[in-house]
Amino acid sequence: VHSLPVRPHSFGIGLFALVALLLAACGGETAAEPTGAPLTEGEQVVAELGLHGTALGPLERPDFVLTTAEGAAYDFRAETAGGVTLLYFGYTNCPDVCPVHFSNIAAALAQAASEVRRGVTVVFVGVDAPRDTPERVREWLDFFDADFVGLTGTEAELEAAQIAAGAPPAFIDEQFEGGYSVAHAGWLFLYTQDDLMHLRYPMGVRQSGWAHDLDVLVREGWPTK
Amino acid sequence: VADEVRSTTHALLVISVLGALLLAACGGDDAGGAATDVAMAMGTAERGTPTAEVGHLTIYGPYVPAPPTDIAALYFIVVNEGDQADRLIKISSGVAGMAMLHQTVVDGDSSRMSPVEGGLEIPPGGEAVLAPGGYHVMLTNLAEPLEVGDVVHATLEFEDAGTVRIEAPVTDGTGGAMEGMSDDDDE
């Protein structure tokens with residue numbers, strides 16, 4: 001009788017070790033994941049729904065006003081409230097990551113059910129004030145999807161918008177070799193119907209990943225606990 | 001004893017559920033680790049078709065995603081089958097006023113371009129991968145708009161192997177590299 005509790009206990013340790021081992025093996029592939037740390041509520045939702053974004057403590061849908069490529073004032077929070085919104089701070093001379101993000105999102109939406117397509121607003125903010133003119137932002141976006149919203153503003157307005165969204169304000173380096181360079185937020189921000197950002201998306205999410213996530217989030221929203 | 005067994009069973013259940021959850025998180029998600037994942041995934045990029053050779057170097061799968069404006073990026077993979085390192089030191093293309101080797105680097109939450117000082121090394125028996133989110137050749141001052149189906153001619157100059165001409169098709173921007181960027185399960 002006395003030896004009974006010992007066995008299941010050591011079995012428990014064995015299982016624990018197994019889980020730890022599997023996690024260590026998995027940690028090798030996703031080095032940035034803090035292995036062993038308990039999952040946050042957001043991370044659990046990401047795992048349960050198979051989402052491709054990275055969970056973070058929810059941030060409110062930001063409040064800022066910029067100007068559309070067509071010249072109208074655009075109150076981001078009021079215009080997009082209650083829907084699924086993708087917000088990206090990029091620039092039109094961006095050769096590498098910006099077009100890849102937008103090609104994949106546009107392709108995913110082009111093939112999505114109309115309910116999903118209508119349920120997603122994609123907003124691109126051109127943070128390179130001197131070069132991202134309304135015409136150029138419109139031309140850049142039309143290449144991907146004419147329904148995407150393009151915003152411009154003065155340097156002060158752009159900085160205020162980025163700070164409101166929790167993005168590192170863009171920095172333009174005019175001394176860069178062969179021209180200039182723009183350091184800008186590397187993430188795409190996603191807001192859900194509850195007007196919160198639970199997720200942000202890194203470079204490298206594929207078309208199939210966007211198709212899956214936008215479908216799930218438009219139809220079901222972010223689950224409330 | 002019954003109590004102890006029950007609590008142990010309960011603990012086991014918690015451990016297994018937690019384990020399954022964490023495993024699901026790591027098995028099904030290619031985006032979790034952000035920049036690190038992208039950099040790591042690029043090491044596994046599919047090489048595509050070998051299209052040119054010079055010395056011990058072979059150029060695989062060059063392509064240019066159709067650009068929205070007059071700036072484009074050229075991607076390819078260089079494989080070095082020799083026993084000496086070589087360096088990609090210069091790129092030129094008739095379609096672009098300027099062609100420069102750059103790297104997209106992620107500093108915390110910010111993404112920016114960085115010049116590649118002294119060229120890009122191709123280690124012996126290894127490869128150099130130019131793919132979205134990492135190394136790329138930036139083509140600026142395009143003479144004409146590039147459209148899907150066009151072919152971009154470029155000349156690559158290596159320190160030891162010399163120069164080689166490549167032909168890179170203009171693609172629609174969603175496939176190619178993105179497919180090679182991560183090796184997660186398809187949904």
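This report walks through a predicted model, from its confidence scores to a few of its residues.

## Ground rules

Residues are counted from 1 along each chain as its sequence is written, and chains are lettered from A, with ligands numbered from 1, in the order in which they are written. Because this is a predicted model, local features need pLDDT of at least 70 and side-chain atom pairs count only at pLDDT 80 or more, while totals for chains, interfaces and linings use all residues; side-chain values use heavy atoms, leaving out hydrogens and water.

## How confident is the predictor?

For the complex, the predictor gives an ipTM of 0.75 and a pTM of 0.76. Chain B has an average pLDDT of 78, and 69% of its residues score at least 70. (pLDDT is the predictor's confidence in each residue, from 0 to 100.)

Over residues 17–44 pLDDT stays under 50, and the model has 57 contacts beyond four places in sequence for them. Residues 176–187 of chain B also stay under 50, with 34 such contacts. Here, contact means heavy atoms within 4.5 Å.

## Chain A at a glance

Chain A contains eight helices and 10 strands. (These are DSSP runs numbered from the N terminus: H or I with at least four residues for helices, E with at least two for strands.) Of its 225 residues, 51% count as buried; buried means under 20% relative accessible area, exposed over 50%, and partly exposed in between, with a 1.4 Å probe and protein chains only.

Among chain A contacts between residues at least 6 apart in sequence, 69% join residues at least 24 apart.

## Rings that meet

Over all chains, the structure holds 14 aromatic pairs. (Rings of Phe, Tyr and Trp, the last by its six-membered ring, pair if their centres lie within 6.5 Å; planes under 30 degrees apart are stacked, over 60 edge-to-face, and the rest tilted.) In one of them, the rings of A:Y88 and A:F124 have centres 6.5 Å apart and planes at 35°, so the pair is tilted. A:Y88 lies in strand β4 (residues 84–90) of chain A and A:F124 in strand β5 (residues 120–126) of chain A, so the pair ties together parts 36 residues apart in sequence.

Both A:Y88 and A:F124 are buried.

Which residues are buried in helix α7 (residues 155–164) of chain A? They are A:L158, A:A161 and A:Q162. These three cover an arc of only 95° around the axis, which puts them on the same side of α7(A); the arc is that of the directions from the helix axis to the C-beta atoms. An α-helix has 3.6 residues a turn, so residues three or four places apart point the same way.

On the other side of α7(A), A:A156 and A:I163 are exposed. The buried residues of α7(A) pack against β2 (65–68), β4, β5 and β6 (149–152) of chain A. After α7(A) comes A:G166, with a positive phi near 80°.

A:V216 is in helix α8 (residues 207–220) of chain A and counts as buried at 13% relative accessibility. Not counting residues up to four places away in sequence, A:V216 touches A:L49, A:L51 and A:G221. A:V216 and A:L51 are 165 residues apart in sequence, yet 8.6 Å apart in space, C-alpha to C-alpha.

B:S114 sits in strand β6 (residues 110–115) of chain B and is buried, with a relative accessible area of 16%. Leaving aside neighbours within four places in sequence, B:S114 is in contact with A:F176, B:H102, B:Q103 and B:V105.
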